[in-house]
Amino acid sequence: MSFDSSKRSNFGLTFIFLAFLVSLFATLGSLFFSEIMKFIPCSLCWYQRIFMYPLVFLFLINLLYPDDKIFKYALPLVFIGWLISVYHNLLMFKIIPENLSPCVQGIPCSVDYLNWFGFITI
């Protein structure tokens, strides 16, 4: 069953557009901090990027060529990236001990380069 773009609700289009913008800003932000500000990402940061970067293209393609199965494609990437992010934040806030971190070489996963308002970190 194909989803006709003329029947696409404004809510669905708005949601996909906002998801595209969030993934685009997250991707550009991570590239800005690593390539321009020279903050070296840890292993968990790389894993989160692996699941974030494709979302930009998935949502953009869905805006151009609507498909009702976008959530089927995007949800696994979003969910796995979110799980990694939660684990990473638990390490940074010292809720999980450092010895349970996968970062054994290079930058430790608990490094907090930037902390705005006590909860916005990179």
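Which residue lies over the face of Trp-46? Arg-49 does, at 4.9 Å from the ring centre. The legends below take up this and other close-up views.

This is a predicted model, in which local features need pLDDT of at least 70, side-chain atom pairs count only at pLDDT 80 or more, and totals for chains, interfaces and linings use all residues. Residues are numbered from 1 along each chain as its sequence is written, and side-chain values use heavy atoms, with hydrogens and water left out.

**View 1. Overview of the secondary structure.**
The protein has three helices and two strands, in the order α-α-α-β-β from the N terminus on. Helices (H or I, at least four residues) and strands (E, at least two) are DSSP runs, numbered from the N terminus. Of the 122 residues in the protein, 25% are buried. Buried means under 20% relative accessible area, exposed means over 50%, and partly exposed lies in between (1.4 Å probe, protein chains only). Among contacts (heavy atoms within 4.5 Å) between residues at least 6 apart in sequence, 55% join residues at least 24 apart.

**View 2. Arg-49 over the ring of Trp-46.**
Arg-49 sits over the face of Trp-46, 4.9 Å from the ring centre. A charge sits over a ring if NZ of Lys or CZ of Arg is within 6 Å of the ring centre and within 35 degrees of the ring normal. Both Trp-46 and Arg-49 are touched by Pro-41, which also touches Ser-34, not counting residues up to four places away in sequence. Pro-41 is placed in the loop between α1 and α2 and counts as buried, at 16% relative accessibility. Its C-alpha atom is separated by 9.1 Å from that of Pro-108, 67 residues apart along the chain.

**View 3. Ser-30 in helix α1.**
Ser-30 is placed in helix α1. With a relative accessible area of 15%, Ser-30 is buried. Its contacts, leaving aside neighbours within four places in sequence, are Arg-49 and Tyr-53.

**View 4. Packing of α1 against α2.**
The axes of α1 and α2 come within 8 Å and cross at roughly 140°. Axes are lines fitted to C-alpha atoms, for helices over the stretch in contact, and angles run from 0 to 180 degrees between N-to-C directions. The two helices α1 and α2 are therefore oblique to each other. For such angles, under 35 degrees counts as roughly parallel, over 145 as roughly antiparallel, 65 to 115 as roughly perpendicular and the rest as oblique. The crossing in which α1 passes α2 is left-handed. A crossing is left-handed if the near helix is turned anticlockwise from the far one by less than a right angle, and right-handed if clockwise. Residues of α1 that meet α2 include Leu-13, Phe-17, Phe-20, Leu-24 and Ser-30. On the α2 side, Arg-49, Tyr-53, Val-56 and Leu-60 are among them.

**View 5. Packing of α2 against α3.**
Helix α2 (residues 43-64) and α3 have axes that come within 9 Å and cross at roughly 155°. Helices α2 and α3 are therefore roughly antiparallel to each other. The crossing of α2 past α3 is left-handed. From α2, the residues making the contact include Leu-44, Tyr-47, Phe-51, Leu-55 and Leu-58. From α3, they include Ile-70, Tyr-73, Leu-77, Ile-84 and His-88.

**View 6. Aromatic pairs.**
Rings of Phe, Tyr and Trp (its six-membered ring) pair if their centres lie within 6.5 Å; planes under 30 degrees apart count as stacked, over 60 as edge-to-face and the rest as tilted. By this rule there are four aromatic pairs. One of them is the tilted pair of Phe-15 and Phe-71, at 5.7 Å centre to centre with 40° between the planes. Phe-15 lies in helix α1 (residues 10-36) and Phe-71 in helix α3 (residues 70-92), so the pair ties together parts that are 56 residues apart in sequence. Phe-15 is partly exposed, with a relative accessible area of 40%, and Phe-71 is partly exposed at 45%. Phe-32, Phe-33 and Phe-39 form one aromatic cluster.

**View 7. Positive phi values in two loops.**
Lys-38, in the loop between α1 and α2, has phi near 65°, a positive value in a residue other than glycine. At 59% relative accessibility, Lys-38 counts as exposed. Lys-94, in the loop between α3 and β1 (115-116), has phi near 60°, again positive in a residue other than glycine. Lys-94 counts as exposed, at 60% relative accessibility.
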